[in-house]
Amino acid sequence: MRIQHTGVFAGDAALPAQRARARTRRRGRVVRDLRDRGGRGPRVLAFAAGDVVVVSGLPGSGKSTLLRRAAGGLGIDSQDARERWEARMPAFLPYAFYRPLVRVAHYAGLHRALRSGAGVVVHDCGTQSWVRGWLARAAARRGRALHLVLLDVDPATARDGQRERGRGVSAYAFARHRRAVGRLVAAVEAGRPPRGCASATLLDRDAAAALRRIGFRAPV
């Protein structure tokens, strides 16, 4: 299914039009809902060369897993920066002590990737709208588009995901994430992608597991 307005292509799992639920909105923005298909969704999400894709969802929803499996070397994940710093620090030192350094390292790496002009897939916690605003402006400056891929996973499943990876967030932080991601999901379901996003794609756990590649087509 090719969507001309945003240059998004979902491949390897053609679906009847009545089930695709892809809705073209004003200014060419598109919402695609790939939930509730039992893993029979697309295997590939391909975007125009040089575009920026941001992957959002609750902590533990599977964002990092999706990036590592499907985005390859194009993924920019704050978790990678955290793990690099953890390897340097004494085991007894709490993460909170060097969290600011991790954030600086993550955003510096993201800035370099954006300046390169290549397409990138970015891990986003969903609570900081300024990050999406920054990414949208960076994409627009080079004549490209920002796209949102949003994992809609219930809180209990996300908590299980945190336990599986052995790293969780506080109840307060998780509640803040729930509110922010809930607002995002509700807006996208209503056909209103966040400001600056040319498209939004909703995934559940099965749809995310079905994806094998998030990438970018070669320049024409």
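Biologist: Why does F216 count as buried?

Modeller: F216 has 17% relative accessibility. Buried means under 20% relative accessible area, exposed over 50%, and partly exposed in between, with a 1.4 Å probe and protein chains only. Since 17% falls under that limit, F216 is buried. Please keep in mind that this is a predicted model, where local features need pLDDT of at least 70 and side-chain atom pairs count only at pLDDT 80 or more, while totals for chains, interfaces and linings use all residues. Residues are numbered from 1 along each chain as its sequence is written, and side-chain values use heavy atoms, leaving out hydrogens and water.

Biologist: Where does F216 lie, and which residues is F216 in contact with?

Modeller: You will find F216 in strand β11, residues 213-216. Helices (H or I, at least four residues) and strands (E, at least two) are DSSP runs, numbered from the N terminus. Contact means heavy atoms within 4.5 Å. Leaving aside neighbours within four places in sequence, the contacts of F216 include F47, V53, L74 and V121. F216 and V53 are 163 residues apart along the chain, and their C-alpha atoms are separated by 9.8 Å.

Biologist: How do you know whether S56 is buried or exposed?

Modeller: The relative accessibility of S56 is 0%, so this residue counts as buried. S56 sits in strand β6, residues 52-56. Leaving aside neighbours within four places in sequence, S56 is in contact with a list of residues, among them K63, D124, L148 and L184.

Biologist: What makes A118 partly exposed?

Modeller: A118 has a relative accessible area of 37%, so A118 is placed in the partly exposed class. Its place is in the loop between α4 and β8. Not counting residues up to four places away in sequence, A118 touches G50, A113 and R142. The C-alpha atoms of A118 and V52 are separated by 8.5 Å, although the two are 66 residues apart along the chain.

Biologist: Why is the pair R35 and E189 called a salt bridge?

Modeller: In a salt bridge, a side-chain nitrogen of Lys or Arg is within 4 Å of a carboxyl oxygen of Asp or Glu. The closest N and O atoms of R35 and E189 are 2.8 Å apart, so the pair meets that limit. The pair links distant parts of the chain, with R35 in the loop between β4 and β5 and E189 in helix α7, 154 residues apart. R35 is buried, with a relative accessible area of 10%, whereas E189 is partly exposed at 40%. Both belong to a network of salt bridges that links D33, R35, D152 and E189. As a general point, side chains of opposite charge can pair when their charged atoms come close.

Biologist: How do you know that R163 and D160 are separated by about one helical turn?

Modeller: They are three residues apart in helix α6 (residues 155-165), which means about one helical turn between them. R163 counts as exposed at 58% relative accessibility, while D160 counts as partly exposed at 36%.

Biologist: What N to O distance goes with the salt bridge of R68 and E83?

Modeller: That distance is 3.3 Å. R68 is partly exposed at 47% relative accessibility, and E83 is partly exposed at 34%. The structure holds nine salt bridges.

Biologist: Which residues form the positive surface patch?

Modeller: R99, R103, R176, R179 and R183 form the patch. Lys and Arg count as positive and Asp and Glu as negative, while His and the chain ends are not counted, so these arginines are positive. Patch residues have over 30% relative accessible area and no salt bridge, with like charges joined within 9 Å and nonpolar side chains (Val, Leu, Ile, Met, Phe, Trp, Tyr) within 5 Å. The place of a charge is taken as NZ of Lys, CZ of Arg, CG of Asp or CD of Glu. Accessible areas come from the Shrake-Rupley method with a 1.4 Å probe; for residues, only the protein chains shown count as cover. R179, found in helix α7, counts as partly exposed at 45% relative accessibility. Helix α7 gives the largest share of the patch, three residues.

Biologist: How many helices and strands are there in the protein?

Modeller: There are eight helices and 11 strands. Of the 220 residues, 50% count as buried.
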